[in-house]
Amino acid sequence: MADRRLTTAVRVRYRLTPAWVKVVVIWALSRVVSTSLLLWFAARQPANAWTDAHPDYFSFAQLWDATWYHYVAVAGYPTELPLTDDGQVRENSWAFMPVYPFLVRALMLLTGLPWSFWSVVVSVAFSLAAALAFHRLMRIVGLPVGTALFSVALFCFAPLSPLLQVGYAEAMHLFLLIVALTLLVQRRYLALLPIIAVMALTRPSGLAFALFLGLHVMHRWWIRYRDPFPAHERIASVVATAFSAVMGFMWLIIAWSVTGSFTAYTDTELAWRAPYIGYSELVPFTPWIQSAGWWMTGPMGFIVLGLVVVAFFAFLFTPWAKRIGVDLRLWVASYGIYLLAVFFPQSSTFRLLMPMFPLVGALAQPRSRVYRVAILIVFIIGQWVWLYYCWWIDGRDWTPP
């Protein structure tokens with residue numbers, strides 16, 4: 001009898017606990033897991049180009065692109081593009097947008113504390129904000145309380161979630177993107193403008209979001225007889241679409257104005273794929289076809305690519321995916337089309353898939369405890385696998401995150 005009363009009391013207390021507290025607890029548990037995994041790898045990390053052997057946490061959080069963000073924070077951007085011996089643009093800091101490193105720089109100047117500290121603290125703070133905002137978004141699109149909370153758990157424990165606490169801009173960008181999607185779902189189009197402006201200068205996203213807004217406007221026009229689309233919302237949504245398109249090209253224009261080269265930004269981005277396929281022009285929708293031939297010989301690569309693309313878009317029409325709403329599915333589809341248009345697949349592909357996070361709302365649909373425990377275990381194992389292959393450095397590493 002006493003055990004039953006205690007169980008009942010615990011259930012009542014849980015139901016009365018505010019949702020935001022539950023989200024914070026989920027987030028905190030996930031950070032304990034990810035931090036433990038990062039420390040485990042740091043303790044086994046040999047000396048490398050970024051750190052000494054067995055670095056502390058803050059040093060281990062500065063590998064790979066974190067160094068580029070640090071360089072932007074302390075030195076800004078070059079006025080002359082660095083070139084290879086044969087005159088091609090080399091990898092340089094124009095590939096990394098300014099909002100995150102400049103924010104960290106401001107905190108460094110205000111406090112006197114180093115980049116290694118603030119770059120991590122800013123990411124961790126935005127990861128918590130993203131978790132809280134994501135829960136609100138899942139509730140707004142209509143997911144039940146338990147499903148919304150489990151969506152947050154999948155978001156926080158996802159295989160690439162260690163990136164939410166290192167010197168990368170991903171946590172900040174995800175938070176801004178969640179806020180933007182929330183405003184869109186609420187039809188607050190003009191409120192989107194400042195978010196789009198900051199988001200597009202945090203990570204490349206303006207063009208993908210413009211495509212998404214364009215598809216959203218067309219869908220609303222198509223269903224206007226059963227879901228009214230008044231004139232003021234039509235005008236505001238078109239303004240937001242055009243503004244996002246402009247912001248999608250803004251960094252290219254800024255790089256052009258500073259360096260004098262119209263292709264400064266795109267040439268810089270192309271330098272990262274040169275080790276795979278050499279230097280070439282950016283031709284939309286060709287990178288994935290090129291990669292299919294590079295990664296696999298014969299027709300197999302093209303067959304696999306076709307199956308992946310078909311499976312991806314087919315999943316968006318499953319009952320699970322439909323429950324997150326048309327708008328979030330349009331975003332995932334738009335971002336997928338954007339990646340197909342401009343990105344060359346390699347080990348960074350997994351990181352670039354992070355903005356498709358609304359799909360965890362689809363994966364959270366089944367209520368089976370066995371399923372939910374199993375997928376969380378798989379996600380945690382995925383963190384270890386990703387850290388081993390993409391973050392931890394073992395000799396000459398060719399799989400950057």
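1. Helices in this note are DSSP runs of at least four residues, numbered from the N terminus. The structure is a predicted model. Trp-384 has its place in helix H20, which covers residues 369-391.

2. Helix H20 supplies the largest share of a nonpolar surface patch, namely seven residues. The patch has an area of about 740 Å² and is made by Trp-40, Val-373, Ile-377, Ile-381, Trp-384, Val-385, Tyr-388 and Tyr-389. Trp-384 counts as partly exposed because its relative accessibility is 33%, a value between the limits of 20% and 50%.

3. Helix H7 runs over residues 145-157 and has 13 residues. From its first C-alpha to its last, H7 reaches 19 Å, close to the expected 18 Å. This helix is mostly covered, with 11 of its 13 residues buried. Among them are Phe-150, Phe-155 and Phe-157, together with Cys-156.

4. The structure holds 37 aromatic pairs. One of these joins Phe-117 and Trp-118 in an edge-to-face arrangement, with 5.1 Å from centre to centre and 75° between the planes. Are the two partners buried or partly exposed? Phe-117 is partly exposed, at a relative accessible area of 29%, whereas Trp-118 is buried, at 15%.

5. Ring pairs also link residues into a cluster, which consists of Trp-68, Tyr-69, Phe-96, Tyr-100, Trp-115, Tyr-168, Trp-272, Trp-386 and Trp-391.

6. Charged side chains lie over aromatic rings as well. Arg-224 lies over the face of Trp-221, 3.8 Å from the ring centre. The charged end of Arg-329 sits over the ring of Phe-317, at 5.9 Å from its centre.

Technical notes. Residues numbered from 1 in each chain as written. Predicted model: local features only at pLDDT ≥ 70, side-chain atom pairs only at ≥ 80, totals over all residues. Heavy atoms only, no water. Patch = residues over 30% accessible without salt bridge, like charges linked within 9 Å, V, L, I, M, F, W, Y side chains within 5 Å. Areas by Shrake-Rupley, 256 points an atom, 1.4 Å probe, with all protein chains shown as cover. Salt bridge = Lys/Arg side-chain N within 4 Å of Asp/Glu carboxyl O. Helix = DSSP H or I, 4+ residues; strand = E, 2+ residues; numbered from the N terminus. Buried < 20%, exposed > 50% of the residue type's maximum accessible area, 1.4 Å probe, protein only. Expected span 1.5 Å × (residues − 1). Phe/Tyr/Trp six-rings, centres within 6.5 Å; stacked < 30°, edge-to-face > 60°. Lys NZ or Arg CZ within 6 Å of the ring centre and 35° of its normal.
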